[in-house]
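This report is written for a reader meeting the structure for the first time.

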Amino acid sequence: MTIDLIADKVRTGERVSADEALELYRRAPTALLGQLADLIRARRHPGGVVTYIIDRNVNYTNVCVAKCNFCAFYRPVGSAEGYVLGFEDVFRKIDETIEVGGGQLLLQGGHNPDLPLAWYEDLFRAVKERYPDFKLHALSPPEVIHLSRLSELPVPEVIDRLIAAGLDSIPGGGAEILVDRVRRLLHCYGKATADEWIDVMRHAHRAGLRTTATMMYGTVETDAERIEHLIRLRALQDESGGFTAFIAWSYQPERTELAGTEATGIDYLRTLATARIVLDNIDNLQASWVTQGGKVGQLSLAFGANDMGSVMIEENVVRAAGASYCMDEAEIVRNIEDAGFAAKRRNMHYDILGDPVFRDRDVPRMLELATARGDGGPAMPSELRLYPARSQAAKAARADGTAS
Ligand code: SF4
């Protein structure tokens, strides 16, 4: 089929096949891809509103046994640079988030063999006890699988237990590209196969949770595999309807074992627009300004994105791989309004919460990103001694209280 015929199909709202999407991604002029994606955005989100959320991205540990070769964030078990946040650290981060008008933590971390399921349950319960209305958008599918293996409980039971402890929704991290050939090359097949990732999301949706879906592109995948990833997400969404949003970001190569070069800004915009066209059953597309920078992030709003994601109070993972962009609420709103849209705050369900907080009251400007352990803090939070360790390194550390 020619590009013109496929474009007509998109304009009339017909679903495109994988082959048609691939043809568009590879050959359609960038301006045409943008027009088509923008048409879909405007149809789905009439009224010219672009949303954002005030939440905080917290990485509770960087100790990880998965060792994905694209990751610059993790430290192996026993590393002197490994950390686990204490419950008090998390409470302080929540207090700071509330101070700037936020209501949610995005909580993700490494696959730390020395943090049992009970640690997560206790943390979630402690958060909910102190902050009953505060939301926990936590633990991507590979972390859930890790906990399932660690606790020897099936995934649905782990999800049920986490929900009972206070889990509100699941972030779509760890999807990378949902094709096992790619996952083997990225050393992330072991943490979750494509089917396993999809299966966690299926169970989460069945359990009543809403989740997001992501894609990290620009490593070793082919164009066709990038499209296959989108088609897999679309198929699950047809079945369960549980995805609220899709977020694509480009691989950040600095300080990673895989190395290589980063995809370009045009590739990002073409990928985003193609995703907007393929994912005809997912309502929201986020702009990934955290990896692309504010300017390309703003351009995303003309290529299918209707959401600017989260203000960035803290970031550890992308920064470890060399990218460090920071925008607080005032800056996000400036970018949205300058692109001709009305800026509205939302929650994880994409319900509109209202106008920008900083227009109502004074909030501290955040012109620098915080880090997970910005103020140092003890190497081993005291409550860790309450939980059994598995690794020799952690057993020794917990016995003498020197490190996590
Ligand atoms: S991407 Fe996640 S699972 Fe993979 S090594 Fe990094 S922290 Fe571990």
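Y60, F87, W119 and Y120 form one aromatic cluster, where rings of Phe, Tyr and Trp (its six-membered ring) are taken as a pair if their centres lie within 6.5 Å, and where planes under 30 degrees apart count as stacked, over 60 as edge-to-face and the rest as tilted. The model is a predicted one, in which local features need pLDDT of at least 70 and side-chain atom pairs count only at pLDDT 80 or more, while totals for chains, interfaces and linings use all residues. Residues are numbered from 1 along each chain as its sequence is written, and side-chain values use heavy atoms, with hydrogens and water left out.

The structure holds 7 aromatic pairs, among them the two in the table below, each described by the distance of the ring centres and the angle of the planes.

| Pair | Centre distance | Plane angle | Class |
|---|---|---|---|
| F91 and Y131 | 6.3 Å | 50° | tilted |
| W119 and Y120 | 5.0 Å | 85° | edge-to-face |

F91 lies in helix α4 (residues 87–99) and Y131 in the loop between α5 (117–130) and β4 (135–138), so the pair ties together parts that are 40 residues apart in sequence; helices (H or I, at least four residues) and strands (E, at least two) are DSSP runs, numbered from the N terminus. F91 is buried at 6% relative accessibility, and Y131 is buried at 10%, where buried means under 20% relative accessible area, exposed over 50%, and partly exposed in between (1.4 Å probe, protein chains only). W119 and Y120 are buried as well.

Two arginines sit over tyrosine rings, with a charge counted as over a ring if NZ of Lys or CZ of Arg is within 6 Å of the ring centre and within 35 degrees of the ring normal. R184 lies over the face of Y189, at 4.1 Å from the ring centre, and the charged end of R346 is placed over the ring of Y350, 3.8 Å from its centre.

How many disulfides does the structure hold? The number is 0, a disulfide being a pair of cysteine sulfur atoms within 2.5 Å. For C188, which is in no disulfide, the nearest cysteine sulfur is that of C68, 5.3 Å away. C188 is buried, with a relative accessible area of 0%, and C64 is also buried, with a value of 8%.

Around the ligand stand C64, A66, K67, C68, F70, C71, Y74, G110, H111 and K191, a residue being near a molecule if one of its heavy atoms lies within 4 Å of it. This shell divides into 6 nonpolar, 2 polar and 2 charged residues, with Ala, Val, Leu, Ile, Met, Phe, Trp, Tyr, Cys and Pro counted as nonpolar, Asp, Glu, Lys and Arg as charged, and the others, Gly among them, as polar.

Three further residues complete the account. T211, in strand β6 (residues 210–217), is buried with a relative accessible area of 0%, and its side chain makes a polar contact of 2.8 Å with the side chain of H205; such a contact is a pair of N or O atoms within 3.5 Å, and within protein one must be able to donate a hydrogen and the other to accept it, while residues adjacent in sequence count only if both atoms are side-chain atoms. G294 belongs to helix α12 (residues 289–299) and is buried at 19% relative accessibility. D280, in the loop between α11 (265–278) and β8 (284–286), is partly exposed at 26%, and its C-alpha atom is separated by 9.7 Å from that of D238, 42 residues apart along the chain.
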